[in-house]
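I opened this structure to look up its overall build, its aromatic pairs and a few backbone details. My entries are below.

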Amino acid sequence: MSDIALLPSVQRFIDSQPGSFVEGQAISEAGAERFDVFNPSTGEVLTQVAQASPALVEHAVQAAHGAFVNSWGSTTPYLRGVALNRLADLIEANGEELAQLESLSSGKSIHLTRHLEVPQSVVFLRYFAGWATKIHGQTMTPSLPSMQGEQYAAFTRREAVGVVAGITPWNFSLMIGIWKIASALTCGCTIVLKPSEFTPLSLLRVAQLALEAGVPPGALNIVNGSGRIGQQLIGHPGVAKVSFTGSVPTGVAVGKAALSANLTRVTLELGGKNPAAFLADVDVDQAVEGILQTAYVHQGQVCAAPERLYIHSSKVDAICAELAQRLGAMKVGGALDESAQFGPLANKAHHDKIVGFFAQANARGQVLCGGKPLPGPGYFVEPTLLRATDAQDPFLHEETFGPIVTVLPFDDEDDLVRMMNDSPFGLGASVWTNDLAKAMRLIPRIEAGTVWVNMHTFLDPSVPFGGVKGSGIGREFGSAFIDDYTELKSVMMRF
Ligand code: TXE
(Lines give C-alpha, C1' and ligand atoms only; values in the text may rest on other atoms or scores of the structure.)
Protein backbone atom coordinates (compact mmCIF):
# COMPACT_ATOMS: atom_id res chain seq x y z
CA MET A 1 0.00 0.00 0.00
CA SER A 2 1.26 3.51 -0.67
CA ASP A 3 1.58 6.46 1.68
CA ILE A 4 -1.43 8.52 2.69
CA ALA A 5 -1.71 11.98 1.14
CA LEU A 6 -0.47 14.82 3.34
CA LEU A 7 -3.04 17.42 4.33
CA PRO A 8 -2.33 20.78 2.64
CA SER A 9 -2.14 22.36 6.12
CA VAL A 10 0.65 19.92 7.10
CA GLN A 11 2.64 20.75 3.97
CA ARG A 12 2.14 24.47 4.63
CA PHE A 13 3.30 24.06 8.22
CA ILE A 14 6.45 22.22 7.16
CA ASP A 15 7.18 24.85 4.52
CA SER A 16 6.61 27.73 6.93
CA GLN A 17 10.21 27.84 8.24
CA PRO A 18 9.15 26.87 11.77
CA GLY A 19 11.14 28.01 14.79
CA SER A 20 9.80 28.58 18.28
CA PHE A 21 6.59 29.85 19.89
CA VAL A 22 7.06 32.54 22.49
CA GLU A 23 4.60 34.92 24.16
CA GLY A 24 1.79 33.88 21.85
CA GLN A 25 3.75 34.23 18.61
CA ALA A 26 5.44 31.89 16.16
CA ILE A 27 9.01 33.19 15.95
CA SER A 28 11.61 32.20 13.38
CA GLU A 29 14.50 34.54 14.13
CA ALA A 30 16.22 36.13 11.14
CA GLY A 31 19.78 34.85 10.85
CA ALA A 32 19.15 32.04 13.34
CA GLU A 33 21.12 28.84 13.01
CA ARG A 34 18.78 26.33 11.33
CA PHE A 35 18.91 22.60 12.00
CA ASP A 36 17.72 19.79 9.76
CA VAL A 37 14.71 17.69 10.72
CA PHE A 38 14.78 14.32 8.99
CA ASN A 39 11.99 12.06 7.85
CA PRO A 40 13.06 8.66 9.30
CA SER A 41 10.99 6.81 6.68
CA THR A 42 13.08 8.24 3.82
CA GLY A 43 16.24 9.58 5.44
CA GLU A 44 15.56 12.87 3.65
CA VAL A 45 15.46 16.33 5.17
CA LEU A 46 11.85 17.17 5.95
CA THR A 47 12.39 20.78 6.93
CA GLN A 48 14.81 23.09 8.67
CA VAL A 49 13.92 24.63 12.01
CA ALA A 50 15.37 27.82 13.47
CA GLN A 51 17.24 27.12 16.70
CA ALA A 52 16.18 29.48 19.51
CA SER A 53 18.95 31.97 20.32
CA PRO A 54 19.95 32.56 23.96
CA ALA A 55 18.07 35.87 23.73
CA LEU A 56 14.89 34.11 22.61
CA VAL A 57 15.17 31.55 25.43
CA GLU A 58 15.56 34.47 27.85
CA HIS A 59 12.49 36.10 26.30
CA ALA A 60 10.54 32.86 26.75
CA VAL A 61 11.39 32.62 30.47
CA GLN A 62 10.50 36.30 30.99
CA ALA A 63 7.22 35.81 29.11
CA ALA A 64 6.39 32.74 31.21
CA HIS A 65 7.19 34.69 34.36
CA GLY A 66 5.01 37.58 33.19
CA ALA A 67 2.10 35.23 32.49
CA PHE A 68 2.56 33.58 35.88
CA VAL A 69 2.41 36.90 37.70
CA ASN A 70 -0.15 38.72 35.55
CA SER A 71 -2.50 36.27 33.86
CA TRP A 72 -2.41 32.48 34.09
CA GLY A 73 -1.14 32.36 37.69
CA SER A 74 -4.19 34.33 38.82
CA THR A 75 -6.73 32.66 36.51
CA THR A 76 -9.34 30.82 38.60
CA PRO A 77 -9.02 27.04 38.75
CA TYR A 78 -12.37 26.68 36.99
CA LEU A 79 -11.26 28.84 34.06
CA ARG A 80 -7.94 26.98 33.84
CA GLY A 81 -9.90 23.76 33.50
CA VAL A 82 -12.17 25.31 30.87
CA ALA A 83 -9.20 26.43 28.75
CA LEU A 84 -7.52 23.01 28.99
CA ASN A 85 -10.75 21.29 27.99
CA ARG A 86 -11.02 23.65 25.01
CA LEU A 87 -7.45 22.78 24.05
CA ALA A 88 -8.43 19.09 24.19
CA ASP A 89 -11.35 19.83 21.85
CA LEU A 90 -9.06 21.66 19.41
CA ILE A 91 -6.51 18.85 19.43
CA GLU A 92 -9.32 16.43 18.68
CA ALA A 93 -10.62 18.64 15.86
CA ASN A 94 -7.13 18.96 14.36
CA GLY A 95 -6.18 15.36 15.11
CA GLU A 96 -5.24 14.28 11.60
CA GLU A 97 -2.94 17.25 11.13
CA LEU A 98 -1.16 16.55 14.43
CA ALA A 99 -0.94 12.83 13.67
CA GLN A 100 0.69 13.50 10.30
CA LEU A 101 3.16 16.05 11.73
CA GLU A 102 4.14 13.64 14.48
CA SER A 103 4.48 10.62 12.19
CA LEU A 104 6.52 12.52 9.62
CA SER A 105 9.33 13.52 11.97
CA SER A 106 9.29 10.59 14.41
CA GLY A 107 8.80 7.64 12.06
CA LYS A 108 5.90 6.51 14.23
CA SER A 109 3.20 4.65 12.31
CA ILE A 110 0.25 6.83 11.30
CA HIS A 111 -1.93 4.11 12.76
CA LEU A 112 -0.34 4.72 16.16
CA THR A 113 -0.46 8.52 16.03
CA ARG A 114 -4.09 8.51 14.82
CA HIS A 115 -5.40 5.89 17.20
CA LEU A 116 -3.14 6.19 20.22
CA GLU A 117 -0.95 9.28 20.56
CA VAL A 118 -3.42 11.99 19.50
CA PRO A 119 -6.54 10.54 21.16
CA GLN A 120 -4.61 9.68 24.33
CA SER A 121 -3.23 13.22 24.46
CA VAL A 122 -6.84 14.38 24.49
CA VAL A 123 -7.76 11.89 27.23
CA PHE A 124 -4.82 13.02 29.37
CA LEU A 125 -5.62 16.72 28.86
CA ARG A 126 -9.24 16.27 29.91
CA TYR A 127 -8.15 14.26 32.94
CA PHE A 128 -5.70 16.96 34.04
CA ALA A 129 -8.29 19.70 33.37
CA GLY A 130 -10.56 18.03 35.93
CA TRP A 131 -7.89 18.36 38.61
CA ALA A 132 -7.66 22.16 38.28
CA THR A 133 -10.62 22.65 40.64
CA LYS A 134 -9.59 19.91 43.05
CA ILE A 135 -6.17 21.08 44.27
CA HIS A 136 -6.36 21.83 47.98
CA GLY A 137 -4.52 21.92 51.29
CA GLN A 138 -5.56 20.64 54.72
CA THR A 139 -6.56 22.11 58.06
CA MET A 140 -4.84 21.16 61.31
CA THR A 141 -5.33 21.91 65.00
CA PRO A 142 -1.98 22.70 66.64
CA SER A 143 -1.32 21.40 70.17
CA LEU A 144 0.45 24.55 71.38
CA PRO A 145 -0.31 25.29 75.05
CA SER A 146 -2.81 28.05 75.73
CA MET A 147 -1.62 30.29 78.60
CA GLN A 148 -4.28 32.99 78.50
CA GLY A 149 -7.12 31.40 76.55
CA GLU A 150 -5.56 31.98 73.13
CA GLN A 151 -6.30 29.43 70.45
CA TYR A 152 -4.51 28.29 67.34
CA ALA A 153 -5.52 27.17 63.89
CA ALA A 154 -3.41 26.05 60.97
CA PHE A 155 -3.88 25.13 57.35
CA THR A 156 -1.83 24.39 54.27
CA ARG A 157 -2.13 25.84 50.80
CA ARG A 158 -0.95 24.29 47.56
CA GLU A 159 0.68 27.09 45.55
CA ALA A 160 1.91 26.83 41.96
CA VAL A 161 5.73 26.75 41.89
CA GLY A 162 6.03 29.26 39.01
CA VAL A 163 7.81 28.80 35.71
CA VAL A 164 8.41 25.18 34.69
CA ALA A 165 11.05 24.09 32.17
CA GLY A 166 9.91 20.97 30.30
CA ILE A 167 12.48 18.94 28.36
CA THR A 168 11.17 16.08 26.25
CA PRO A 169 12.45 13.24 24.04
CA TRP A 170 11.63 12.17 20.50
CA ASN A 171 9.69 8.95 21.01
CA PHE A 172 6.24 10.35 21.93
CA SER A 173 6.96 14.02 21.57
CA LEU A 174 3.32 15.11 21.29
CA MET A 175 1.95 13.04 24.17
CA ILE A 176 4.87 13.51 26.58
CA GLY A 177 4.80 17.23 25.79
CA ILE A 178 1.08 17.32 26.61
CA TRP A 179 1.77 15.58 29.94
CA LYS A 180 4.17 18.33 30.95
CA ILE A 181 2.10 21.21 29.56
CA ALA A 182 -1.10 19.92 31.21
CA SER A 183 0.56 19.24 34.58
CA ALA A 184 2.02 22.75 34.69
CA LEU A 185 -1.03 24.65 33.44
CA THR A 186 -3.49 22.69 35.61
CA CYS A 187 -1.60 23.73 38.74
CA GLY A 188 -1.40 27.39 37.65
CA CYS A 189 2.26 27.22 36.61
CA THR A 190 3.47 28.49 33.26
CA ILE A 191 5.90 26.56 31.07
CA VAL A 192 8.77 26.86 28.63
CA LEU A 193 9.11 23.53 26.84
CA LYS A 194 12.04 22.32 24.78
CA PRO A 195 11.11 19.40 22.52
CA SER A 196 13.69 17.00 21.16
CA GLU A 197 15.56 18.46 18.20
CA PHE A 198 14.50 15.34 16.23
CA THR A 199 10.77 16.10 16.63
CA PRO A 200 10.29 19.85 16.97
CA LEU A 201 7.05 20.26 14.99
CA SER A 202 3.88 18.93 16.61
CA LEU A 203 4.14 20.90 19.87
CA LEU A 204 4.53 24.14 17.90
CA ARG A 205 1.08 23.46 16.48
CA VAL A 206 -0.24 22.61 19.97
CA ALA A 207 1.02 25.98 21.23
CA GLN A 208 -0.96 27.74 18.48
CA LEU A 209 -4.06 25.77 19.45
CA ALA A 210 -3.54 26.61 23.15
CA LEU A 211 -3.66 30.31 22.33
CA GLU A 212 -6.89 29.73 20.42
CA ALA A 213 -8.23 27.80 23.44
CA GLY A 214 -7.74 30.81 25.73
CA VAL A 215 -4.36 30.01 27.31
CA PRO A 216 -2.88 33.53 27.52
CA PRO A 217 0.32 34.52 25.67
CA GLY A 218 3.42 33.54 27.64
CA ALA A 219 1.76 30.74 29.64
CA LEU A 220 2.98 28.13 27.14
CA ASN A 221 6.20 28.70 25.19
CA ILE A 222 8.05 26.27 22.94
CA VAL A 223 11.78 26.82 22.30
CA ASN A 224 13.39 24.56 19.74
CA GLY A 225 16.97 23.41 19.42
CA SER A 226 19.70 21.30 20.99
CA GLY A 227 20.50 20.33 24.57
CA ARG A 228 22.23 23.70 24.92
CA ILE A 229 18.79 25.30 25.26
CA GLY A 230 17.85 22.79 27.94
CA GLN A 231 20.99 23.76 29.85
CA GLN A 232 20.13 27.46 29.62
CA LEU A 233 16.64 26.78 30.96
CA ILE A 234 17.88 24.60 33.83
CA GLY A 235 20.41 27.23 34.96
CA HIS A 236 17.96 30.14 34.72
CA PRO A 237 17.10 31.66 38.12
CA GLY A 238 13.56 32.35 36.87
CA VAL A 239 12.84 28.63 36.40
CA ALA A 240 11.31 27.07 39.51
CA LYS A 241 11.06 23.48 38.35
CA VAL A 242 12.50 21.21 35.67
CA SER A 243 10.49 18.28 34.34
CA PHE A 244 12.62 16.01 32.15
CA THR A 245 11.87 12.84 30.21
CA GLY A 246 14.68 11.16 28.30
CA SER A 247 17.77 9.03 28.55
CA VAL A 248 19.48 8.05 31.78
CA PRO A 249 22.84 9.82 31.22
CA THR A 250 21.20 13.09 30.15
CA GLY A 251 18.71 12.81 33.01
CA VAL A 252 21.49 12.42 35.57
CA ALA A 253 23.24 15.50 34.12
CA VAL A 254 19.96 17.45 34.18
CA GLY A 255 19.29 16.48 37.80
CA LYS A 256 22.76 17.55 38.95
CA ALA A 257 22.59 20.81 36.99
CA ALA A 258 19.16 21.68 38.44
CA LEU A 259 20.23 21.07 42.02
CA SER A 260 23.48 22.96 41.65
CA ALA A 261 21.80 25.87 39.82
CA ASN A 262 19.40 27.08 42.51
CA LEU A 263 18.30 23.88 44.25
CA THR A 264 15.71 23.89 41.46
CA ARG A 265 13.06 21.24 41.87
CA VAL A 266 13.50 18.46 39.36
CA THR A 267 11.53 15.42 38.27
CA LEU A 268 13.14 12.86 35.99
CA GLU A 269 11.38 10.18 33.97
CA LEU A 270 14.21 8.10 32.59
CA GLY A 271 14.62 4.81 30.85
CA GLY A 272 14.85 1.34 32.20
CA LYS A 273 15.45 -2.25 31.34
CA ASN A 274 11.98 -3.48 32.04
CA PRO A 275 11.48 -7.19 32.82
CA ALA A 276 8.42 -9.27 31.95
CA ALA A 277 7.93 -12.63 33.68
CA PHE A 278 5.87 -15.40 32.03
CA LEU A 279 4.94 -18.03 34.63
CA ALA A 280 4.47 -21.73 33.89
CA ASP A 281 0.69 -21.52 33.43
CA VAL A 282 0.63 -18.84 30.68
CA ASP A 283 -1.14 -19.51 27.43
CA VAL A 284 1.41 -19.43 24.60
CA ASP A 285 -0.78 -17.53 22.12
CA GLN A 286 -1.74 -14.90 24.68
CA ALA A 287 1.88 -14.46 25.73
CA VAL A 288 3.01 -13.96 22.14
CA GLU A 289 0.20 -11.50 21.43
CA GLY A 290 1.08 -9.59 24.61
CA ILE A 291 4.78 -9.40 23.72
CA LEU A 292 4.02 -8.16 20.19
CA GLN A 293 1.66 -5.48 21.53
CA THR A 294 3.99 -4.17 24.21
CA ALA A 295 7.63 -4.80 23.31
CA TYR A 296 7.68 -3.96 19.60
CA VAL A 297 5.23 -1.05 19.51
CA HIS A 298 6.89 2.00 17.89
CA GLN A 299 9.86 -0.24 17.13
CA GLY A 300 10.50 -0.73 20.87
CA GLN A 301 11.25 2.96 21.37
CA VAL A 302 9.08 3.21 24.46
CA CYS A 303 10.63 3.78 27.89
CA ALA A 304 8.18 1.45 29.64
CA ALA A 305 8.37 -1.40 27.08
CA PRO A 306 9.70 -4.80 28.19
CA GLU A 307 13.20 -5.56 26.90
CA ARG A 308 13.98 -8.69 28.93
CA LEU A 309 11.65 -11.65 29.11
CA TYR A 310 11.99 -14.33 31.76
CA ILE A 311 9.92 -17.28 30.53
CA HIS A 312 9.28 -20.48 32.46
CA SER A 313 11.40 -23.23 30.93
CA SER A 314 8.31 -25.32 30.16
CA LYS A 315 7.02 -22.59 27.79
CA VAL A 316 10.13 -20.85 26.53
CA ASP A 317 10.62 -22.85 23.32
CA ALA A 318 6.98 -22.64 22.26
CA ILE A 319 6.75 -18.90 22.93
CA CYS A 320 10.04 -18.14 21.16
CA ALA A 321 9.11 -20.24 18.12
CA GLU A 322 5.72 -18.57 17.68
CA LEU A 323 7.11 -15.12 18.39
CA ALA A 324 9.93 -15.54 15.86
CA GLN A 325 7.44 -16.68 13.23
CA ARG A 326 5.13 -13.68 13.88
CA LEU A 327 8.02 -11.19 13.90
CA GLY A 328 9.39 -12.58 10.64
CA ALA A 329 5.99 -12.08 8.99
CA MET A 330 5.56 -8.42 10.01
CA LYS A 331 5.08 -5.99 7.16
CA VAL A 332 7.74 -3.29 7.34
CA GLY A 333 6.94 0.12 5.87
CA GLY A 334 7.16 3.87 6.26
CA ALA A 335 5.31 5.84 8.91
CA LEU A 336 2.67 7.07 6.44
CA ASP A 337 1.95 3.60 5.03
CA GLU A 338 -1.28 2.53 6.73
CA SER A 339 -0.65 -1.13 6.02
CA ALA A 340 2.79 -1.28 7.69
CA GLN A 341 3.08 -3.13 11.00
CA PHE A 342 6.65 -2.11 11.74
CA GLY A 343 8.35 1.16 10.81
CA PRO A 344 11.72 2.90 10.86
CA LEU A 345 13.82 3.85 13.87
CA ALA A 346 13.52 7.50 14.83
CA ASN A 347 16.89 8.81 13.71
CA LYS A 348 20.19 7.86 12.12
CA ALA A 349 22.22 7.91 15.36
CA HIS A 350 19.73 5.61 17.03
CA HIS A 351 19.66 3.33 13.97
CA ASP A 352 23.46 3.05 14.06
CA LYS A 353 23.38 2.28 17.78
CA ILE A 354 20.88 -0.55 17.23
CA VAL A 355 22.91 -1.93 14.32
CA GLY A 356 25.92 -1.98 16.69
CA PHE A 357 23.90 -4.12 19.12
CA PHE A 358 23.06 -6.48 16.22
CA ALA A 359 26.77 -6.95 15.49
CA GLN A 360 27.40 -7.98 19.11
CA ALA A 361 24.42 -10.37 19.17
CA ASN A 362 25.39 -12.00 15.87
CA ALA A 363 29.00 -12.40 16.97
CA ARG A 364 27.78 -14.23 20.08
CA GLY A 365 25.27 -16.37 18.15
CA GLN A 366 22.30 -15.13 20.15
CA VAL A 367 19.86 -14.19 17.38
CA LEU A 368 16.61 -16.19 17.29
CA CYS A 369 15.02 -13.88 14.76
CA GLY A 370 15.92 -10.62 12.99
CA GLY A 371 19.26 -9.03 13.90
CA LYS A 372 19.92 -7.20 10.63
CA PRO A 373 19.49 -3.69 9.25
CA LEU A 374 17.12 -3.43 6.30
CA PRO A 375 17.99 -1.63 3.08
CA GLY A 376 17.12 2.09 3.02
CA PRO A 377 16.29 4.71 2.29
CA GLY A 378 15.07 5.26 5.83
CA TYR A 379 16.26 3.89 9.14
CA PHE A 380 14.78 0.38 8.99
CA VAL A 381 15.92 -2.69 10.95
CA GLU A 382 14.42 -6.09 11.59
CA PRO A 383 12.35 -6.74 14.73
CA THR A 384 14.71 -8.88 16.76
CA LEU A 385 14.56 -11.62 19.37
CA LEU A 386 17.68 -12.76 21.23
CA ARG A 387 18.38 -15.61 23.59
CA ALA A 388 20.48 -14.61 26.61
CA THR A 389 23.57 -16.66 27.42
CA ASP A 390 22.98 -16.40 31.18
CA ALA A 391 21.65 -13.96 33.78
CA GLN A 392 24.72 -11.73 33.38
CA ASP A 393 24.27 -11.34 29.61
CA PRO A 394 24.78 -7.63 28.72
CA PHE A 395 21.53 -7.75 26.71
CA LEU A 396 19.69 -8.30 29.99
CA HIS A 397 21.28 -5.22 31.54
CA GLU A 398 21.84 -2.46 28.95
CA GLU A 399 18.86 -0.50 27.60
CA THR A 400 18.68 -0.72 23.79
CA PHE A 401 15.52 1.39 23.39
CA GLY A 402 14.91 -0.48 20.17
CA PRO A 403 13.19 -3.59 18.81
CA ILE A 404 15.58 -5.94 20.59
CA VAL A 405 14.03 -8.29 23.12
CA THR A 406 16.11 -10.82 25.05
CA VAL A 407 14.80 -14.05 26.54
CA LEU A 408 16.08 -16.13 29.45
CA PRO A 409 14.31 -19.24 30.81
CA PHE A 410 13.76 -19.72 34.56
CA ASP A 411 12.51 -22.54 36.79
CA ASP A 412 12.48 -21.18 40.30
CA GLU A 413 10.42 -18.14 41.36
CA ASP A 414 12.98 -16.89 43.88
CA ASP A 415 15.56 -16.89 41.08
CA LEU A 416 13.05 -15.08 38.91
CA VAL A 417 12.60 -12.26 41.43
CA ARG A 418 16.37 -11.97 41.93
CA MET A 419 16.92 -11.68 38.16
CA MET A 420 14.08 -9.20 37.68
CA ASN A 421 15.53 -6.96 40.39
CA ASP A 422 19.14 -7.34 39.23
CA SER A 423 19.21 -3.94 37.53
CA PRO A 424 20.09 -0.39 38.49
CA PHE A 425 16.72 0.59 36.94
CA GLY A 426 13.12 0.16 38.02
CA LEU A 427 10.61 1.83 35.72
CA GLY A 428 8.12 -0.96 34.92
CA ALA A 429 7.78 -4.74 35.18
CA SER A 430 5.11 -7.28 34.42
CA VAL A 431 3.93 -10.69 35.54
CA TRP A 432 1.92 -12.88 33.17
CA THR A 433 -0.11 -15.64 34.82
CA ASN A 434 -3.66 -16.85 35.39
CA ASP A 435 -2.80 -17.44 39.06
CA LEU A 436 -3.69 -14.04 40.49
CA ALA A 437 -2.82 -15.09 44.05
CA LYS A 438 0.71 -15.82 42.86
CA ALA A 439 0.84 -12.47 41.06
CA MET A 440 -0.33 -10.67 44.23
CA ARG A 441 2.48 -12.32 46.20
CA LEU A 442 5.10 -11.36 43.60
CA ILE A 443 4.05 -7.69 43.22
CA PRO A 444 5.53 -6.41 46.52
CA ARG A 445 8.83 -8.20 45.79
CA ILE A 446 9.39 -6.48 42.42
CA GLU A 447 11.45 -3.28 42.37
CA ALA A 448 9.59 -1.08 39.88
CA GLY A 449 7.46 2.07 39.77
CA THR A 450 4.69 0.15 37.96
CA VAL A 451 3.93 -3.57 37.96
CA TRP A 452 1.48 -4.76 35.32
CA VAL A 453 -0.28 -8.14 35.44
CA ASN A 454 -1.12 -9.77 32.10
CA MET A 455 -0.30 -6.49 30.39
CA HIS A 456 2.67 -4.16 30.07
CA THR A 457 3.56 -0.65 28.81
CA PHE A 458 -0.02 0.74 28.91
CA LEU A 459 -0.39 4.06 30.76
CA ASP A 460 -3.52 5.73 32.07
CA PRO A 461 -3.91 9.27 33.41
CA SER A 462 -5.47 8.03 36.66
CA VAL A 463 -2.50 5.78 37.48
CA PRO A 464 0.72 7.42 38.78
CA PHE A 465 3.76 6.72 36.59
CA GLY A 466 7.47 7.02 37.32
CA GLY A 467 10.55 5.04 38.23
CA VAL A 468 12.37 3.74 41.28
CA LYS A 469 16.16 3.31 41.58
CA GLY A 470 17.96 4.75 38.53
CA SER A 471 14.77 5.19 36.49
CA GLY A 472 13.89 8.56 37.89
CA ILE A 473 12.51 10.84 40.54
CA GLY A 474 8.85 11.83 40.94
CA ARG A 475 5.54 10.66 39.59
CA GLU A 476 3.38 11.88 36.73
CA PHE A 477 -0.44 11.51 36.53
CA GLY A 478 -3.01 10.55 39.16
CA SER A 479 -2.99 13.19 41.87
CA ALA A 480 0.73 12.57 42.39
CA PHE A 481 1.82 15.25 39.90
CA ILE A 482 0.28 17.96 42.09
CA ASP A 483 3.00 17.52 44.71
CA ASP A 484 5.66 18.17 42.08
CA TYR A 485 4.13 21.27 40.47
CA THR A 486 3.00 23.01 43.66
CA GLU A 487 4.69 24.12 46.85
CA LEU A 488 3.11 23.42 50.21
CA LYS A 489 2.70 26.59 52.28
CA SER A 490 1.83 26.26 55.98
CA VAL A 491 -0.21 28.95 57.70
CA MET A 492 -0.55 29.19 61.52
CA MET A 493 -2.88 31.60 63.25
CA ARG A 494 -3.40 32.64 66.85
CA PHE A 495 -6.73 34.09 67.83
O1 TXE B 1 18.06 11.55 24.40
P2 TXE B 1 18.42 12.62 25.48
P3 TXE B 1 18.47 11.50 22.86
C4 TXE B 1 17.54 6.97 24.84
C5 TXE B 1 17.72 6.16 23.59
C6 TXE B 1 18.44 7.08 22.67
C7 TXE B 1 19.30 7.86 23.63
C8 TXE B 1 19.69 9.22 23.16
O9 TXE B 1 18.50 5.03 23.88
O10 TXE B 1 19.21 6.42 21.72
O11 TXE B 1 18.51 7.99 24.78
O12 TXE B 1 18.57 9.94 22.67
C13 TXE B 1 17.71 17.27 25.75
N14 TXE B 1 20.74 19.49 29.21
N15 TXE B 1 16.24 7.57 24.99
O16 TXE B 1 19.80 12.11 22.61
O17 TXE B 1 19.82 13.06 25.34
C18 TXE B 1 17.55 16.84 24.30
O19 TXE B 1 17.76 17.93 23.44
C20 TXE B 1 19.41 19.62 29.01
C21 TXE B 1 15.41 7.05 26.01
O22 TXE B 1 17.39 12.04 22.07
O23 TXE B 1 17.99 12.10 26.79
C24 TXE B 1 16.13 16.30 24.32
O25 TXE B 1 15.19 17.36 24.26
N26 TXE B 1 18.76 18.98 28.05
C27 TXE B 1 14.31 7.95 26.39
C28 TXE B 1 16.05 15.63 25.70
O29 TXE B 1 17.07 16.23 26.48
C30 TXE B 1 19.45 18.16 27.25
C31 TXE B 1 13.65 8.68 25.28
C32 TXE B 1 16.23 14.11 25.67
O33 TXE B 1 17.48 13.86 25.06
C34 TXE B 1 20.85 17.98 27.39
C35 TXE B 1 14.60 9.17 24.31
C36 TXE B 1 21.49 18.69 28.44
N37 TXE B 1 22.80 18.57 28.68
C38 TXE B 1 15.83 8.60 24.19
N39 TXE B 1 21.27 17.11 26.45
C40 TXE B 1 13.31 7.38 27.37
N41 TXE B 1 13.71 6.44 28.17
O42 TXE B 1 12.18 7.81 27.46
C43 TXE B 1 20.18 16.75 25.73
N44 TXE B 1 19.09 17.39 26.20
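The entries run from the whole chain down to single residues.

**Entry 1: overall build**

I noted at the start that this is a predicted model. I looked up the secondary structure and found 15 helices and 22 strands. Next came the radius of gyration, which is 24 Å. The globule rule gives 23 Å for 495 residues, so the protein is as compact as a globular protein of that length. I also took the spans of the C-alpha trace along its principal axes, which are about 75 × 65 × 40 Å.

**Entry 2: burial, contacts and surface**

I asked what share of the 495 residues is buried. The figure is 56%. For contacts, I kept to residues at least 6 apart in sequence. Of these contacts, 73% join residues at least 24 apart. The accessible surface comes to about 19400 Å². Carbon and sulfur atoms hold 56% of that surface. I then turned to charge: there are 35 positive and 47 negative side chains. The centres of the two sets lie 5 Å apart.

**Entry 3: aromatic pairs**

I searched the whole structure for aromatic pairs and got ten. I looked at Trp 179 and Phe 477 among them: their ring centres are 4.7 Å apart and their planes meet at 75°, so the pair is edge-to-face.

I checked burial for both partners. Trp 179 has 3% relative accessibility, so it counts as buried. Phe 477 is at 0% and counts as buried too.

I then took up Phe 357 and Phe 395. Their ring centres lie 6.0 Å apart with planes at 65°, so this pair is edge-to-face. Phe 357 belongs to helix 12 (residues 348-363). Phe 395 is in the loop between strand 15 (384-387) and strand 16 (404-410). The pair links distant parts of the chain, 38 residues apart. Both Phe 357 and Phe 395 are buried.

**Entry 4: backbone details**

I looked up the peptide bond from Gly 376 to Pro 377 and found it cis, with omega near 5°. Pro 377 is in the loop between strand 14 (367-369) and strand 15.

I went on to positive phi values. Gln 17 has a phi of about 55°, although it is not a glycine. I placed Gln 17 in the loop between helix 1 (8-14) and strand 1 (20-22). Gln 299, a residue other than glycine, also has a positive phi, near 55°. Gln 299 is in the loop between helix 10 (284-295) and strand 13 (306-312). Is Gln 299 buried or exposed? At 4% relative accessibility, Gln 299 counts as buried.

**Entry 5: Gln 151**

I ended with Gln 151, in the loop between strand 5 (139-140) and strand 6 (152-160). Gln 151 has 46% relative accessibility and counts as partly exposed, because that class lies between 20% and 50%. Which residues does Gln 151 touch, leaving out those up to four places away in sequence? I found Met 493, Arg 494 and Phe 495. I also took the C-alpha separation of Gln 151 and Thr 486, which is 29 Å. These two residues are 335 residues apart along the chain.

Conventions:
Residues are numbered from 1 along each chain as its sequence is written. This is a predicted model: local features need pLDDT of at least 70, side-chain atom pairs count only at pLDDT 80 or more; totals for chains, interfaces and linings use all residues. Side-chain values use heavy atoms; hydrogens and water are left out. Helices (H or I, at least four residues) and strands (E, at least two) are DSSP runs, numbered from the N terminus. Buried means under 20% relative accessible area, exposed over 50%, partly exposed in between (1.4 Å probe, protein chains only). Contact means heavy atoms within 4.5 Å. The radius of gyration is taken over C-alpha atoms; the globule rule is 2.2 Å times the number of residues to the power 0.38. Accessible areas come from the Shrake-Rupley method with a 1.4 Å probe; for residues, only the protein chains shown count as cover. Lys and Arg count as positive and Asp and Glu as negative; His and the chain ends are not counted. The place of a charge is taken as NZ of Lys, CZ of Arg, CG of Asp or CD of Glu. Rings of Phe, Tyr and Trp (its six-membered ring) pair if their centres lie within 6.5 Å; planes under 30 degrees apart count as stacked, over 60 as edge-to-face and the rest as tilted.
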